Structure formats: C-alpha cells, structure tokens
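Try each task on the structure before you read the solution.

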Amino acid sequence: MVDVARIASAAEQSVEGSFARLGRYLAFAPISSDPEAKPRLAQLAEVLRDDLTTLGMSRSRVLELPDAHPCVAAEWTGAGPGAPTVLVYGHFDVQPVKGEAWSTEPHALVRKGDRLYGRGSADDMGGWLSHFVAMEAWLHETGSLPCNVKILLEGEEEIGSPNLERFMDAYPEAFESDAMVLTDCENPGVDIPGLTVSLRGLLEVEVSIAGAESDVHSGLWGNVAPDPAMALIALLARLVDEDGRLRLARRDVDPAWLAASRGVPLTADVIRSGARLLDGVNPLPDRALTPAAWAWREPAVTVLSTTFPAPGSEKNAIRKSSSAKLSLRIAPGQTAEELFAAVAAELRRDVPGGLTVTITTLPGAASSWDYVAKGPAFDAADRAYEAAWGRAPLRVGLGGSIPFVALFGRRFSRLPLVLNGVIDPDTGAHGPNESMHIGVYTKTVKANVHLYAELATALKKA
Ligand SMILES: [Zn+2]
C-alpha cells in the first residue's frame, strides 16, 4: 500500500526548489499577443518539452501547426490500460505588461512575504508547475504514478485559444483521456480551494449612431438637431439600473444556489482589495442577491471604448456621429443571441430624433459554461483537497470568460472536467504585480499528489 501522505510531504519539500524553475520559465516573457515574442514562445516550448522528459515523462514533444504558437504534450502510461488516464491542461503564454505600473520587474520572479511576483506566476505557470512537482514526487518516491497522465500546455490561451480546436483535430491522441484537470482557475481565498463550475461568456458589440452629413455649429443647431453623442449616452444609460448594472436579460438565480453562495468569501473587504478600490469607494449593494450571484450568474456590460471627442479636439459643434464598443458578459446557460437581442432591442427603441443606430457584433465571442460537477471524479477531487487543504473545494463560478473551457466542454462533454488552479483574489492576473500565494501553491501541489491516487481508484477500469 502506497503511503500517499508521505509522497505529498515529499512533494512539499520540493516546493521551494521549484521556484527557480518558475523564475526561469517566466523570464521568457512568453506574451502570445506580441509578434516579437514568437521565438521566445517557441524556445520555452522546447525547454518545457526537455524538462518533462527529465521529469520522467515519455513522448514529450512540441506540437506544431502553421500560424500558431506551439503546444507542449507529454505522457506517462506506466500505470497500464486498466488505470484511467488523467489529462492536465495548462497554458504557458502570458498577458502583456505594457503600460502597467509594476513595482518589481514583471518578467523576473520576486519573492515578497508569502507571495511570488511576476507575470505568469499564477496565471498559469504555477498551475501546471504544481503538477510537475506532484508527478515528480510520485516518480521519485515510488518509481510510478497511480494513474496514467497526459500533460498538454497551450501557448495561445491569453489570445483566446484560436487554434486549440485545430490542435485537438490534428493531435487527438494528446487529448484522449478519462478525466481532465484544467488548471487555470481561481480559489475564493488562500485557505479556501475552488472548483470552477460556471463561466460567463463574452460578446463584444459596437453601437454606432449617425445623425448628419457633417459636424454642425452647436450654437445654431443645438436643441433642434439631434445630437448623436448625447443620444448615445442616453441609450447606454438605458441598459443599466441605478447601480450601473446591466438590467436586461437577467437570470433567475436558483434559491439553493443563492443560499450556498452566502458562504462564498466574496466579502466587501475582498472586493475592495481585489478590485483595487480607492479609500471611500464601496462595492455595489447586494439588492437581494449576493456578490457571487452578481459576479458569476448575471450578465453584465462594460464600455470598452467610445469615439467621444478626445481632450484637445474640443470644438463647439454637434458631431455628426458617435459610437461605442461594449463588452457584454453572458450569464451561464444564456446564449449570445439571447443577450444580444435584449440589448439591441433596448438600443433601437424610441431613439431621439430617429437617429440611425447600427449595432454590430465584433469577433472573439466566447460561450458561457454551466456545469454540474457530480460523480466519482468530483468525489475524488473533494477527498484530495480535504487531505491537502483540510476542506473540499467550494463550487465557484467565474465572471470571466475562458474560451478553452467552453471548447473542452463542447468536445469532451462526457468526461469529468476538474477546473482548479493557483489563482486567489489578490493574484492580480492580467494586471500589474501579478503574484502567486506560496501557501496556495504548496497546498495545490499536495492536493495534486492525492488527486492522482483518488482518481486512479475512482475511475479504475478493470
Ligand atoms: Zn490563464
């Protein structure tokens, strides 16, 4: 009988040593949206392939497709055909840092207190590195793993996984598995692990309002000719309630879910700190829901850009046209079409002066995702987290959109999809001073050690 707790503590001993590797990976600055970073992504893919070989994986390789950043794939199949195969997905690309005020060098790993700072530290390098460390401990301590494993690291997650489905088609064997662990999600607190079961989708639209052939004198024509800029403001204001929240296409939140969501530690303090609110600024009122319901289960709207005249271009004129780009967050279970229809109808209703309103959808939409995390694989995950964190993961949603999750959900709907990660509310992913909490990382490493053993038992084939 293998003593899994002993392997977990061996893995814990390796946590400190893995920071140097994290620093080495992060220093590649693998920014997938930056064309100049392309060779760095390719180099990092090769380094990861070699490191996975060293770790004891077989068939460690760089997967390539034309016009795409590569993926890295590796596997270990020593547990035999009677044991399940667990796929670990992560991404090795990162968000850009341009224009962000970092207090440390973003592409160097800097330790301060109980956190490790650097772009990609938690999103998502720490996520998959926590599996490297856990697998290494199993192989080092016992010479094997309790289940077969596959690792798939993507290089384009931060630009919306545009080619991931092509990789699935071109390299189906790299994805073939009995359960998938997708490590790019958030924990609700540094002592409360999370299991993500819903995501909001994303839809971007452009609203354009046209009124005249040219700009005209605002003194001569103000109050008699309709003003597209003011009309745009009025129309956009219709979309939201007194708190500034989208008031259209709201969803009924299941009462049982709502009651449970009162246990989510998304408190006023967490929101203040996570959303970097200024002193004196407060989170929006709950209005009979909970912050979790607002953030995860309801649709939302944000202004991305407008064509309002910029400072320096002032003139006393009614501008001939005006437009805004909006981002709409699609509620779990809601379709982009439903939400678009509700928003478009409101923007076209009773337009002042009959101004011309054109609404177009922009590329890059992502579906929402609503999942029921039940069954043996999730019982296994609960047990693994209980062993490592002292409690089962809380079922959480994510207000953001992760195109790859909706894609995995569509392509592998019959498989258990375990969404976890090393992000916490203070990580600051996609912003300055991104960091990973060392305690979260350590507990995740240990949970992974247990997870392989638990899944091996729960999904045993023969
Ligand atoms: Zn990520």
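Predicted model: local features only at pLDDT ≥ 70, side-chain atom pairs only at ≥ 80, totals over all residues.

**Exercise 1. How far does helix α12 reach from its first C-alpha to its last, and which of its residues are buried?**

Step 1. Residues are numbered from 1 along each chain as its sequence is written.

Step 2. Now for burial: a residue is buried if 20 or more other C-beta atoms lie within 10 Å of its own, exposed if 12 or fewer, and partly exposed in between, with C-beta atoms placed from the backbone. In α12, Leu 339, Val 343 and Leu 347 are buried.

Step 3. Looking down the axis of α12, the buried residues fall within an arc of 60° (taken from the directions from the helix axis to the C-beta atoms), so they line one face of the helix. The general rule behind this pattern is that an α-helix has 3.6 residues a turn, so residues three or four places apart point the same way.

Step 4. On the other side of α12, Glu 337 and Ala 345 are exposed. The cover over the buried residues of α12 includes β9 (201-210), α8 (228-238), β13 (321-330) and β14 (356-361), where contact means C-beta atoms, placed from the backbone, within 7 Å. Just after the helix, Asp 350 takes a positive phi of about 45°.

**Exercise 2. Which residues of strand β7 are buried on each side, and which strands pair with β7?**

Step 1. Strand β7 spans residues 179-183, and five of its five residues are buried. Ala 179, Val 181 and Thr 183 sit on one side, with Met 180 and Leu 182 on the other.

Step 2. Strands pair if DSSP finds at least two bridges between them. Strand β3 (residues 85-91) pairs with β7 in the parallel sense over four bridges, and Val 86 stands opposite Ala 179.

Step 3. Four bridges also join β7 to β17 (residues 417-420), again running parallel. Here Val 181 is opposite Val 418.

**Exercise 3. What is the strand order in the open sheet of three strands, and where does Trp 369 lie?**

Step 1. The order is β15-β8-β16, with mixed pairing. β15 and β16 are the edge strands, each pairing on one side only.

Step 2. β8 (residues 194-199) and β16 are parallel over five bridges, with Gly 194 opposite Leu 394.

Step 3. Trp 369 is in β15 and counts as buried because 27 C-beta neighbours lie inside 10 Å. Its C-alpha is 6.5 Å from that of Arg 200, 169 residues apart along the chain. Leaving aside neighbours within four places in sequence, Trp 369 is in contact with residues including Ser 198, Leu 199 and Pro 332.

**Exercise 4. How many residues does each domain bring to the contact between domain 1 and domain 2?**

Step 1. Domain 1 is 4-198 + 368-458 and domain 2 is 201-264 + 295-361, with bounds from an automatic or database domain assignment. Their centres, taken over C-alpha atoms, are separated by 37 Å.

Step 2. The contact takes 11 residues from domain 1 and 12 residues from domain 2. On the domain 1 side, β15 (369-370) and β16 (394-398) each supply at least two residues, and β16 gives the most, with four.

**Exercise 5. Is Ala 29 buried or exposed, and what about Ala 288?**

Step 1. Ala 29 has a positive phi of about 45° although it is not a glycine, and Ala 288 has a positive phi near 75°.

Step 2. Ala 29 is buried because it has 20 C-beta neighbours inside 10 Å, whereas Ala 288 is exposed, with 8 other C-beta atoms within 10 Å.

Conventions. Contact = placed C-beta atoms within 7 Å.
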